[in-house]
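This report covers a helix pair and a set of paired strands. Please view the model alongside the text.

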Amino acid sequence: MAKRGVDMARSGALRLLAGVREGLSLSDQAGALKALPPADQARAARLAAAVLRHQSRADGVIAAYVGRKPSPQVADILRLAVVEMLDLDGAAHGVVDAAVTLTRGLGQKGQAASGMVNAVLRKVSAHPGWADLPPQPMPAWLRDPVAAAYGEDAALAIEAAHQAGAPLDLTTKPGVAVEGAEPLPTGSLRLHGPAQVSALPGYAEGDWWVQDAAAALPARLLDPRPGERIADLCAAPGGKTLQLAAAGAQVTAVDISPARLRRVAENLKRCALTADLIAADALEWRADSPLDAILLDAPCSATGTIRRHPDLPFLRDGSGIPALIDLQARLIDHALSLIPPGARMVYAVCSLLPDEGEAQVAAALSRHPGLRVDTPALPGVPADWITPEGGLRTRPDYWPDRGGMDGFFMARLRKAG
Ligand SMILES: C[S@@+](CC[C@H](N)C(=O)[O-])C[C@H]1O[C@@H](n2cnc3c(N)ncnc32)[C@H](O)[C@@H]1O
């Protein structure tokens, strides 16, 4: 890539990082760099994500050479340069020159800091032992319950998976193959390395959609049959709606956000699939004819998706979790009231926290006498992913040699019949 493009991408990455420091997620900022050519936008997003994945390690290296704490803008310039040199194999002279230029661009204070940036980064370029530094720890509000639930070694392995990022997983319509993709044991396809999704073969034809391998499991666990009437509650952007519709079910997709529901409509259109779309609070929605089954992919902390959303630990402090747990319980109770005795409902969350998963199902079982859990029997799902209560737990550190998977909890509940 031309030097100008690389420099624009670096400035773009710094802008995204400043946005995260102000509380904006990377997805909130999707349009922030639209003045840049698409390749530079993509590179800026990759650089910003890399800095967020390695921030604590980069700060540790910088602290070895810096006397006084730099300003937030200079700190981000230093982190970007450290990550480029030590993790992304960026050539030291180009990276250091760019960092000095970016620092000078910060005005008078930048002029004053540029000498320090130059001196520090020249030393950092020869810094030993980057590969041996431990991965960035999760924030305490997340790490403590994760280590308590799965153990200290698992918490470290999950942090290593967060650092490694995520490959691109696809769910296909039945019988579709995608050249160069690795078939996964659970039925998804995996592409390694960066890819422009809309340029991949089969995208325009709607043969597949992007969906993490773990996120594809709740709909498989529901086991939809052709002609069944299924409500997909909390449906947007619609990965699971597409799976249910592709299986031939008559799907009603309910989501509280009309804007997010538009993405479900776009995805359905591209894949030539159909579903009824309802913008409503799932707590108040009732079907106008009997349902056979429900998929409830409840709003949650999304702590299972940090591989793909490395900004999440910087944007949350865990204070919203009790309200989410309360909402999930109310959604479960309402959803169960919508299905007839003997019918099934899959409850799913992309969370690492047992309070949103295992404990939520245990509480539902105690509130609803006769409710039970159908133990999963899915291709490619090993016995140790099944919890003692019959739920299915996935974690980012699973499939370490294949590139991991999102953290999910799901359970298929069967209403007393
Ligand atoms: C985890 S996402 C769902 C992902 C989706 N099932 C998929 O597979 O693509 C949670 C969704 O719940 C929606 N949501 C949150 N509260 C809701 C409520 N009370 N009723 C309906 N939808 C809600 C959000 O707008 C968001 O789209």
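Two strands count as paired if DSSP finds at least two bridges between them. The model described here is predicted.

Strand E12 spans residues 408-414. Six of its seven residues are buried, so the strand is mostly covered, with buried meaning 20 or more other C-beta atoms within 10 Å of a residue's own.

Strand E9 (residues 344-349) runs antiparallel to E12, and six bridges join the two. Arg 344 has Arg 414 of E12 as its bridge partner. Strand E10 (residues 372-374) is also antiparallel to E12, with three bridges. Here Arg 372 stands opposite Arg 414. Strand E11 (residues 392-394) is joined to E12 by three bridges, again antiparallel. Arg 393 of chain position 393 faces Phe 409 in E12.

## Helices H6 and H7

Two packed helices are described by the angle between their axes and the distance between the axes. Helix H6 covers residues 140-150 and helix H7 covers residues 152-164. Their axes come within 7 Å and cross at roughly 125 degrees. H6 and H7 are therefore oblique to each other. The crossing is right-handed.

## The helix contact

Which residues of H6 and H7 make the contact? H6 contributes Arg 143, Val 146, Ala 147 and Tyr 150. H7 contributes Glu 152, Ala 154, Ala 155 and Ile 158. Six residues of this contact are nonpolar, two are charged and none is polar.

Technical notes. Residues numbered from 1 in each chain as written. Predicted model: local features only at pLDDT ≥ 70, side-chain atom pairs only at ≥ 80, totals over all residues. Axes fitted to C-alpha atoms, helices over the stretch in contact; angles between N-to-C directions. Helix = DSSP H or I, 4+ residues; strand = E, 2+ residues; numbered from the N terminus. Parallel < 35°, antiparallel > 145°, perpendicular 65-115°, else oblique. Left-handed = near helix turned anticlockwise from the far one by under 90°. Contact = placed C-beta atoms within 7 Å. Nonpolar A, V, L, I, M, F, W, Y, C, P; charged D, E, K, R; others polar. Buried ≥ 20, exposed ≤ 12 C-beta atoms within 10 Å, placed from the backbone.
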